[in-house]
Amino acid sequence: MTAADRRLPVTLLDKDGVQLTVDDAVATVTLARPAKRNAQSPAMWRALAEAGRLLPGSVRVVVLRAEGQSFSAGLDRQAFTPEGFDGEPSFIDLARGSDAELDAAIAEYQEGFTWWRRNDIVSVAAVQGHAIGAGFQLALACDLRVCADDVQFAMRETSLGLVPDLTGTHPLVGLVGYARALEICATGRFVHAEEAERTGLANLVVPAAELDGAVQDLAAALLAADRDAVIETKTLLRGAVDRTYEEQRAAERAAQARRLRELAGLAE
C-alpha cells in the first residue's frame with residue numbers, strides 16, 4: 001500500500017475542547033484545552049458523550065489523550081462561581097432545583113464517562129501530568145491506562161465538600177480495593193507513577209516522551225486479536241465480579257460455544 005492509498009484520519013467532532021478523529025479501526029478522543037490544563041465543564045462532558053455516539057461501527061480501539069502537559073486538572077473552577085458558565089445553570093442554581101432535576105443534571109454529566117467500557121470497543125487512556133478529580137475519573141472510565149512517568153492522580157472532591165460523582169468510584173474500588181480507594185478519596189493525596197503501576201491504576205508506565213508510541217503499540221496488539229473473541233472475553237471479564245465461581249464457569253462455556261459455532265459457520 002502506498003502513502004497515497006492510505007486514508008487520512010477523519011475528524012468527526014471538534015467542539016467544546018473535545019476532538020474526535022477516526023483512523024480505520026482506531027478512534028482518538030483528544031482533550032484540547034491545554035491553556036486551561038484541560039479543565040472540564042458541562043459542555044465538555046456533553047461533547048464527550050457525543051463522541052461516543054459518533055463512533056463508527058468499524059472502530060475497535062478508542063484512545064483518549066490530552067494536549068499539553070496535563071491530562072486534565074479536573075473541573076473548571078468557574079463552575080463554583082455565582083455566574084457559572086455562559087449558557088449553563090450554575091452549580092448553585094442546580095442545587096436550588098428539585099431532587100429529580102438535580103439527579104437528571106448529574107446523570108447527563110455522567111454520560112460523557114459511561115460509554116468507554118462498551119463491550120464492542122477497548123478504550124485506552126494516555127495519561128500525562130495531572131489527572132485530578134474529573135480528570136482522574138475520566139482516566140478511570142477507560143478500560144486501560146498507559147501513563148507517563150510524571151503522572152499525578154488525585155481525587156480532590158472531598159476537599160471541596162463534594163463526592164466523586166462522574167462514575168469513578170466503581171472502577172477505583174475494583175482496581176485498588178475499598179480501603180485504598182477510601183484513603184485516596186478522603187485524603188485527596190497524589191498517586192504518582194510508581195504507586196499507580198504497582199496498585200493497578202496504570203497498566204504501563206513509560207517516560208513521557210514514549211507515551212504516544214507505547215499507546216500505539218498497545219492499540220496494534222489489541223487489533224491483532226480476533227474482534228469477536230475480544231468482545232466475548234471483555235463481556236466475560238466485566239461480568240465476573242457479579243457472578244459466583246460456578247456462574248462464571250457456565251458463562252465461559254456459553255461464550256466458548258458461541259465462538260466455536262461461529263468459527264464453524266454454524267451460528268444461528
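**Exercise 1.** Determine whether E195 is buried or exposed, and identify its salt-bridge partner.

*Solution.* The model is a predicted one.
- Step 1: the relative accessibility of E195 is 11%. Buried means under 20%, so E195 counts as buried.
- Step 2: E195 forms a salt bridge with R189, and the closest N and O atoms are 2.7 Å apart.
- Step 3: R189 has a relative accessible area of 25% and is therefore partly exposed.
- Step 4: a network of salt bridges links R189 and E195 with R180 and E183.

**Exercise 2.** State where E194 and R198 lie, and describe how their side chains meet.

*Solution.* 
- Step 1: both residues, E194 and R198, belong to helix 7 (residues 193–199).
- Step 2: they are four residues apart, about one turn of the helix.
- Step 3: their side chains meet in a salt bridge, at 3.1 Å from N to O.
- Step 4: E194 and R198 are both exposed.

**Exercise 3.** Explain why the salt bridge between R33 and D76 ties together parts that are apart in sequence.

*Solution.* 
- Step 1: the closest N and O atoms of R33 and D76 are 3.6 Å apart.
- Step 2: R33 is in the loop between strand 3 and helix 1 (42–54), whereas D76 is in the loop between strand 4 (61–66) and helix 2 (91–96), so the pair ties together parts 43 residues apart in sequence.
- Step 3: R33 is partly exposed at 22% relative accessibility, while D76 is buried at 6%.

Key. Residues numbered from 1 in each chain as written. Predicted model: local features only at pLDDT ≥ 70, side-chain atom pairs only at ≥ 80, totals over all residues. Heavy atoms only, no water. Salt bridge = Lys/Arg side-chain N within 4 Å of Asp/Glu carboxyl O. Helix = DSSP H or I, 4+ residues; strand = E, 2+ residues; numbered from the N terminus. Buried < 20%, exposed > 50% of the residue type's maximum accessible area, 1.4 Å probe, protein only.
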